[in-house]
Amino acid sequence: MAKIGPAGRMQLGRALAALRDRAGLTQSEVASGAGVSVGTVNRYEGWQDQGSVRVPTVRAIAEACGATIEERDSLVTLLTSQERGWWLDHPALPEILNPLVSFEAAASYERAWANLLVPGLLQTPDYAYALHRGANPTASEEELRAAVDIRMRRQRSRPPRLQVVMTESVLRDVVGGTGVMVAQIDHLLDVSADPRIDLRVLPRGRSHVAGSGGHFVQLGRDDGMAVVYLELHRRGLYLDGASDVDEYRMMFETLHSAAADAETSRALLGMARQEHTR
């Protein structure tokens with residue numbers, strides 16, 4: 001038996017449901033193929049159920065859905081690698097099982113602190129391409145374009161409410177050339193007018209309020225489910241322990257309070273754009 005946190009349980013349920021949908025099967029058909037009851041399939045897909053889950057049952061359901069070996073192993077890793085409410089995703093995780101994609105599709109809000117780069121949900125294709133090229137210099141053109149395409153699809157399933165605080169230095173650094181940066185800032189100016197997006201800039205001289213904390217994303221639902229995502233090189237670290245989630249919530253509120261208001265943030269975006277056009 002494996003007992004996982006609420007965010008991990010949601011990821012498991014959504015992943016199994018996605019595999020079944022891809023195979024075009026009903027829960028009854030999957031249950032028959034896996035040798036379990038329909039109620040078991042429903043319970044494992046229903047992430048609201050916080051009960052324990054069995055690794056052999058997860059394997060059997062995934063196999064009945066035609067999952068690849070990599071997909072089955074990724075699900076088992078999710079179940080067995082958690083300790084005290086955290087886990088690392090697989091470095092080559094199939095998109096259908098990508099936790100961040102699942103969380104963003106289910107979340108009602110997302111909060112992002114960006115002290116190095118424009119957050120993925122607000123990146124332009126050219127900005128995202130330049131980042132992937134810099135991080136993976138040996139990657140093929142096909143691989144780079146596929147990575148950018150995944151990021152753009154993430155934007156289409158963005159949570160209804162998005163709050164972003166970014167340092168002013170993110171706007172000044174050049175990623176992909178001045179033309180790419182001008183287009184990226186223009187995009188930020190456009191989205192900042194969207195009432196569903198709260199975009200704030202932390203001016204120079206105020207970055208000390210962030211302490212030693214790096215980039216993080218917090219996703220949650222109004223029913224209380226929440227997870228924190230920390231992006232590492234080629235991996236992601238997820239925290240869903242209550243104390244961790246609460247600590248990052250307070251950290252974001254501190255950063256948001258220290259940032260410029262919406263109007264001043266737009267002015268700072270405009271000033272950064274002017275710098276790139278000189």
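Among contacts in the chain between residues at least 6 apart in sequence, 74% join residues at least 24 apart. This value, like those that follow, was computed from a predicted model. The chain contains twelve helices and seven strands. Of its 278 residues, 49% count as buried. The accessible surface of the chain amounts to about 12900 Å², and carbon and sulfur atoms account for 51% of that area.

Two of the strands, β6 and β7, were examined together. Strand β6 spans residues 226-232, and strand β7 spans residues 235-239. The two strands pair in the antiparallel sense, with five bridges between them. Within this pairing, Leu 230 has Leu 237 of β7 as its bridge partner. Strand β7 is mostly covered, as four of its five residues are buried.

Burial was also considered for helix α3, which comprises residues 38-45. Its buried residues are Val 41, Tyr 44 and Glu 45. These residues lie on the same side of α3, because they cover an arc of only 100 degrees around the axis. The elements that cover them include helix α1 (6-23), helix α2 (27-34) and helix α4 (55-64).

Glu 104 is found in helix α6, which covers residues 99-106, whereas Arg 154 is found in helix α8, which covers residues 141-156. The side chains of Glu 104 and Arg 154 are joined by a polar contact of 2.7 Å. Glu 104 has a relative accessible area of 1% and therefore counts as buried, the limit being under 20%. Arg 154 is likewise classed as buried, because its relative accessibility is 12%.

Methods:
Residues numbered from 1 in each chain as written. Predicted model: local features only at pLDDT ≥ 70, side-chain atom pairs only at ≥ 80, totals over all residues. Heavy atoms only, no water. Buried < 20%, exposed > 50% of the residue type's maximum accessible area, 1.4 Å probe, protein only. Pairing = 2+ DSSP bridges. Contact = heavy atoms within 4.5 Å. Areas by Shrake-Rupley, 256 points an atom, 1.4 Å probe, with all protein chains shown as cover. Polar contact = N/O pair within 3.5 Å; in protein donor to acceptor, adjacent residues only side chain to side chain. Arc of directions from axis to C-beta.
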